[in-house]
Amino acid sequence: MARFIPTAQRAFASAASKTLTNGCQSRTASAYSLLQFHPYATSQTHKSPFTANIIRILSNEIEYQHDYAPPHQPATSFNSFTVQDRPGEKWMTMRGKYGEYEEIKIEATMFDGCVFVPKPGEDSTGENVVLHISLLVDISKGQGYPDMEFLCSAWPLHLEIQKVYLLNRDKTIINPYMGRDLRRKKNRKLQRTLGDYLEERGVNNELCVFLHEYMMNKDRIELIQWLGNVKSIVQK
């Protein structure tokens, strides 16, 4: 996802700073190779008490993560889409088709922000954390047509379109006008219309539910992999 997002990154960074709570980044990061994880053997060479303590803490954390919420094999498909994990990275890719000619490519981040919402119920106090995933949806109709690129927010239960770009085949923006910010109230009708367009192609609220479950699992995989890598370095 090296180009996430040459076309949209600057726009999203600006939008995210206004809509997402600062500092509420995902605590963990996720990696598929850890599904073949085996505990690292304790080094037989002498370690200082400080180093031995670090290794013990890392071992306990790895064991806790496996026992508390063991990761499972990442999904390789969802409805009509194929799913490609990117082990060790903060992204995943999905690909699908619509009709005979349209190709759809989805690139999703791991959790990259959140908002706080009041807990439901009249007697409830406090707030719930709602995690956010950034989504790029590229729709290509083939030679002779520009590509459409949708910059979206995938919330746990619904999809929100932020921007729509028209791209040349080489993925450069056709012209500098970036379109409207579709999150504004006066653009709700247009957002619903474009939402129906994506819905027909399988990019919908159901996909958001899948992505949040997928990223929860990827989050755990990457964290355990990272802990194992740190422990391996400390042991050497």
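1. Start with glutamate 102: this residue is buried, with a relative accessible area of 6%. Here, buried means under 20% relative accessible area, exposed means over 50%, and partly exposed is in between, using a 1.4 Å probe and protein chains only. Keep in mind that this is a predicted model, where local features need pLDDT of at least 70 and side-chain atom pairs count only at pLDDT 80 or more, while totals for chains, interfaces and linings use all residues. Residues are numbered from 1 along each chain as its sequence is written, and side-chain values use heavy atoms, with hydrogens and water left out.

2. Which residue forms a salt bridge with glutamate 102 with the closest N and O atoms 2.4 Å apart? That partner is lysine 141. (A salt bridge is a side-chain nitrogen of Lys or Arg within 4 Å of a carboxyl oxygen of Asp or Glu.) The pair links distant parts of the chain, 39 residues apart: glutamate 102 sits in strand E4 (residues 102–109), and lysine 141 in the loop between strand E6 (127–140) and E7. Lysine 141 counts as partly exposed because its relative accessibility is 34%. As for the labels, helices (H or I, at least four residues) and strands (E, at least two) are DSSP runs, numbered from the N terminus.

3. Glutamate 102 also meets the side chain of arginine 201 in a salt bridge, at 2.8 Å from N to O. Again distant parts of the chain are linked: arginine 201 is in the loop between H3 and helix H4 (205–235), 99 residues apart from glutamate 102 in strand E4. Is arginine 201 buried or exposed? Arginine 201 is buried, with a relative accessible area of 8%.

4. Now look at helix H4, where lysine 218 and glutamate 222 both lie, four residues apart, or about one turn of the helix. Their side chains meet in a salt bridge (3.1 Å, N to O). Lysine 218 is buried at a relative accessible area of 2%, and glutamate 222 is buried too, at 7%. Salt bridges with shared partners tie Asp85, Lys218 and Glu222 into one network. The structure holds six salt bridges in total.

5. E6 pairs with E4 in the antiparallel sense over six bridges, and isoleucine 104 stands opposite isoleucine 139 in E6. (Two strands pair if DSSP finds at least two bridges between them.) Strand E5 (residues 113–118) also runs antiparallel to E6, joined by six bridges; here proline 118 stands opposite glutamate 127 in E6.

6. What about E6 and E7? Seven bridges join these two strands, which run antiparallel, and isoleucine 133 stands opposite alanine 154 in E7. The two form a hairpin with six residues between them, and glycine 142 in the turn has a positive phi of about 100 degrees.

7. Strand E7 (residues 147–154) carries on to E8, with antiparallel pairing over eight bridges. A hairpin joins E7 to E8 through four residues, and serine 153 stands opposite glutamate 160 in E8. Why is E8 described as largely enclosed by the rest of the structure? Because seven of the nine residues of this strand (residues 159–167) are buried.

8. Next, the surface: Asp196, Glu199, Glu200 and Glu206 gather in a patch of negative charge. Patches are made of residues with over 30% relative accessible area and no salt bridge, with like charges joined within 9 Å and nonpolar side chains (Val, Leu, Ile, Met, Phe, Trp, Tyr) within 5 Å. Helix H3 (residues 188–200) gives the most to the negative patch, with three residues. Glutamate 200 has its place in helix H3 and counts as exposed because its relative accessibility is 51%.

9. Finally, zoom out. The protein chain comes to four helices and eight strands, and along the sequence they follow the pattern α-α-β-β-β-β-β-β-β-β-α-α. Buried residues make up 44% of the 236 residues. The chain exposes about 13700 Å², with carbon and sulfur atoms supplying 54% of it.

Key: Accessible areas come from the Shrake-Rupley method with a 1.4 Å probe; for residues, only the protein chains shown count as cover. Lys and Arg count as positive and Asp and Glu as negative; His and the chain ends are not counted. The place of a charge is taken as NZ of Lys, CZ of Arg, CG of Asp or CD of Glu.
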